[in-house]
Amino acid sequence: MEEDTDGGMRFSSLCFISDHVGFQGTIKTFPRDFVVTEIDERGRLVSKAIDESVYEISKTQSEPSHLVKKPKLNIQDVSLDHEGEEEATNLTGYSYGEESHQSGLHKEDSVNGVTSKCEKENVDLLSSLLDGKTHTLLEQFACDIKGMWNSKTELIEPSLELSLGRILDKSQRAVLHSAVRQKFPFLITIGKSSEVIVKPNPEYKELCHLVSEEEALGFFKYLDAKKENSKFTFKPDKNKDHRKAVHHFLNKKFGNLVETKSFSELNHSAGNANTAITVRFREKARSHGKRARLECERREAVYTAFTLQKENLEMFEAIGVLAIKLGVIPSDFSYAGLKDKKAITYQSMVVRKVTPQRLKNIEEEIKKKRMNVFNIRSVGDSLRLGQLKGNHFEIVIRNLKNQTNDSASLSERILEAIENVKSKGFVNYYGPQRFGKGRKIQTDQIGLALLKNEMVKAIKLFLTPEDVDDPVNKAKEYFLQTEDAKGTLSLMPEFRVRERALLESLHRFGMTEEGCIQAWFSFPHSMRIFYVHAYSSKIWNEAASYRLAAYGSRVVEGDLICLDEDVDEHVSSSKVHLVTKQEESARTYAIHQVVLPVLGYNIQYPDNKLGQWYQGVLSRDGLQACRFRVPALKLNVPGCYRHILKYPHNVSYQLVHSDINDKVEGSHDNDATSSLSISFDLDASCYATVCLREMMKGDV
C-alpha cells in the first residue's frame, strides 16, 4: 500500500529492530527500478493473465459473489450503451428519453448488426455461467422449441421444461435468469427454491401470430431490460383492426407493466401517413414499491474488473483520466490498495456502470497516458480496501556505498542486512507515503480536522500551497487569499482532478460549513476515509516507537497479542488477547505476536504504559470524547490491530558488479558493487520503503 512522496514525515527518529550496520543507496532512480505488483486474495500476481475458467459457475455449487457476472444491463449495454455510435441510435424499436425511434425495414441491416453483437455477448455470458454440458442442453432445448414452432406445431406440452441445476447464490441466479431470457426471448425462466427451470414462453409465440418474429424478439428484450425512460416501437401498420388486436394483446398480458399508444408518421415515399404502436413502461411500474426500486438498482449495478498498469503516475490521477474517458465519476472506481507514483505498478480495480467492451474500447487511447488495462471481465461487486493478500516488489537500489566511517566489505554489509531482515523482520511502520508529499501540510492533519468536524479547516488544509512556484500552488495560494472557488478553478490545471472536483463543489455550495461538507462528497468514500486513516496511522507509528523504547523486544503484562497466526492484517478484537503476569513470566509469547491498536471506536487498549500513552495522545489532539464517527461525511472508523513486526517473504537478490575501473566511491576492498536487484513479497498494508529502511539503516 504505497503512495509516492518527496518529503513529508521524517522517519529518522523511528526505531530499528536489528543492529546490523546497513549500507547506503538510492531507490527510484527510474520508475522501472521500483515495480509493484498486487497479489490477489488467491495468491496470484494480478499482472498475469487470468484463467477465465475460474469464473465458471457450477450448476451445483456457486462461486463467491465477487467472481460472478451480475445484472442484466451488462448484456443490454452491448447493443445500447455505445454513445455516439450510429448503430446504437438506429436500433430498431429502442429509444431513450422522450424521442421514439420507429422501426422499419430500411433499418434492417443496422438491426442485424447490433443483434449479432448482442447475441455473441450473451453466448459468452452463458458459457461462463453454465458448465459445458448444461450449456449444450440449453442450446438444444431452445432449438427444439423453435423447431416445433416453425413446424406449425401449435400445442406445446405444458410440462416441457429444462432444469439448469441449483445455483445457491441469489445474485448468480438473477444473472442466469437474465442471460437466458436475453439470449432466448422465446423462453421463460422460473425459480424453484435455488433451482432454475427453463420453459417455452407462450406469450412470445402468441405475439408472433400478430407481429414479425423480429419485432417479438425486440419487444421481449425491451421488456426484460426495463430500461428507465425507454420506449419500444413496432413497425408501422396501416391496418387499424390489426393494431387494435396488438394493443389488446399487450394490455391484456402486460398492462400492469406497460402502456401502448399509436402515433402517425408521414411516409414520404408513399405520400401518406403510417401509424405505429409505441410501448413504454408505466410510471408506477418503474418507480413505486421497494421491490421495483431494488430491481432497478440491481439492474444498474454493472461491475467490470480489470488490472491497471501505470508508470510514474499517481493512482488518483489515473482514476481521473479513466473516469473522463469512460463518462463516469471517480467514485465509481474501487481498488484494494494505493500504489506508488514513481514506479511501474500493477493493481486490481473494479469500475461500476461500465461494460467490459466499453473499457476495451479505450485501451489504445490511455496508453498515451502511461497506462494500460487488461484482464478485463465482468464481476459481481466492487473491491474494498484491503481486499488483497499483499504485494510483490522488484526493486533496484543504485549508487551503493558503505555507511560513513564503515571500512567493511560493501558486499558483506549488504548480504548481512538482507539476512538480518529475513530472520528478524522489520518494525511494521506505515511508510512516509501514507502521509502525502506535502512539507507544510500532510494527510494526517487533514484527517484530524475531519475527526474534529472542522470541515472548513480541513478544506483549507487540503488547499494549502507548498513553497513551490508552479501553477498548482499558485492556484492554491490564490484560493486561501480570496476563497474565490470560481477564480481558482480557472487557475487550477486540468490534470489536478481532486482539487478541481473540490473547487467545483465549493463554487456551487459556498465556503460555509455545510458547503464544505458537500465539497468533501466530491471525493469518493475511499478517499475521504483515507485522510482519517492517515491520522490513525501516524498515531500507530508513534505508539510503535514508544512501545519498543519502553519495553524493547520483551512481551510484557498488558501487551496485546494476536491469537491467530494466519491473520496478516486488520486483526479483529475477537482475535486479541491481553497478556497476563504469569504469561510474561513464562515467556509464553514472542514479540512478533504483539499487536497495537489502530485508533477507532471498537478497539481495546493495552493495559500498561502504552495504554496510558494512547489516552494522553487523544487528550493532546482534542479527541478525548471522539467516537471515531463523522456522520456528516458518512465515515465510520471501527479501528483494528496491526502487528508490530513483519517479515518479507520469497526474498531473492542479485548484486550487480561494475568494472573494477568504475569502482563506486565509498566502497572498500576492491568491491565494485554498483547496484542491488532485490525482490520480495509483503503482506497487505506493509511498505517496501519501511522494509528497505530497516535493511539499509537509514531513510530511503
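**An enclosed strand and its partners**

Biologist: Why is strand S2 (residues 34-39) said to be largely enclosed by the rest of the structure?

Modeller: Six of the six residues of S2 are buried, and the strand is therefore largely enclosed by the rest of the structure. A residue is buried under 20% relative accessible area, exposed over 50% and partly exposed in between, with a 1.4 Å probe and protein chains only. This is a predicted model, in which local features need pLDDT of at least 70 and side-chain atom pairs count only at pLDDT 80 or more, whereas totals for chains, interfaces and linings use all residues. Residues are numbered from 1 along each chain as its sequence is written, and side-chain values use heavy atoms, with hydrogens and water left out.

Biologist: Which residues point one way from S2, and which the other way?

Modeller: Phe-34, Val-36 and Glu-38 point one way, while Val-35, Thr-37 and Ile-39 point the other way; all are buried. In a regular strand the side chains alternate between the two faces of the sheet.

Biologist: How do you know that S2 and strand S14 (residues 390-401) pair?

Modeller: Two strands pair if DSSP finds at least two bridges between them. S2 and S14 share six bridges in the antiparallel sense, and Phe-393 in S14 is the bridge partner of Val-36. S2 is also joined by three bridges to strand S12 (residues 344-352), and these two run parallel. There, Ile-344 of S12 is the bridge partner of Val-35.

**The chain as a whole**

Biologist: How many helices and strands does the protein chain have?

Modeller: The protein chain has 24 helices and 24 strands. Both are DSSP runs numbered from the N terminus, helices being H or I of at least four residues and strands being E of at least two. Of the 700 residues in the protein chain, 53% are buried.

**Helices that pack**

Biologist: What makes H15 and H21 roughly perpendicular to each other?

Modeller: Helix H15 (residues 443-451) and helix H21 (residues 525-551) pack at an angle of about 105°, with axes 7 Å apart. Angles of 65 to 115 degrees count as roughly perpendicular, under 35 as roughly parallel, over 145 as roughly antiparallel and the rest as oblique. H15 and H21 are therefore roughly perpendicular to each other. The axes are lines fitted to C-alpha atoms, for helices over the stretch in contact, and angles run from 0 to 180 degrees between N-to-C directions.

Biologist: Which residues in H15 and H21 meet?

Modeller: Contact means heavy atoms within 4.5 Å. Thr-443, Asp-444, Ile-446, Gly-447, Leu-448, Leu-450 and Leu-451 in H15 meet Arg-528, Phe-530, Tyr-531, Val-532, Ala-534, Tyr-535 and Lys-538 in H21. By class, the contact has nine nonpolar, two polar and three charged residues. Here Ala, Val, Leu, Ile, Met, Phe, Trp, Tyr, Cys and Pro count as nonpolar, Asp, Glu, Lys and Arg as charged, and the others, Gly among them, as polar.

Biologist: Where do the axes of helix H19 (residues 497-509) and helix H20 (residues 513-520) stand, and at what angle do they cross?

Modeller: The axes of H19 and H20 come within 8 Å and cross at roughly 145°. Leu-502, Ser-505, Leu-506 and Phe-509 of H19 make the contact with Gly-515, Cys-516, Gln-518, Ala-519 and Trp-520 of H20. These residues divide into six nonpolar, three polar and no charged.

**An open sheet**

Biologist: What makes S17 and S21 the edge strands?

Modeller: The open sheet of four strands has the order S17-S16-S18-S21, with antiparallel pairing. Strand S17 (576-578) and strand S21 (640-643) are its edge strands, each pairing on one side only. Within the sheet, strand S16 (residues 560-562) is joined by two bridges to strand S18 (residues 594-598), with Val-594 of S18 as the bridge partner of Ile-561. H21 lies across S18 and S21, running at about 145° to S18.

Biologist: Why does Asn-399 count as partly exposed, and why does Phe-628 count as buried?

Modeller: Asn-399 has 49% relative accessibility and therefore counts as partly exposed, whereas Phe-628 has 3% and counts as buried. Asn-399 lies in strand S14, and Phe-628 lies in the loop between helix H23 (609-620) and strand S19 (629-630). Asn-399 has a positive phi of about 55° although it is not a glycine. Phe-628, also not a glycine, has a positive phi of about 55°.
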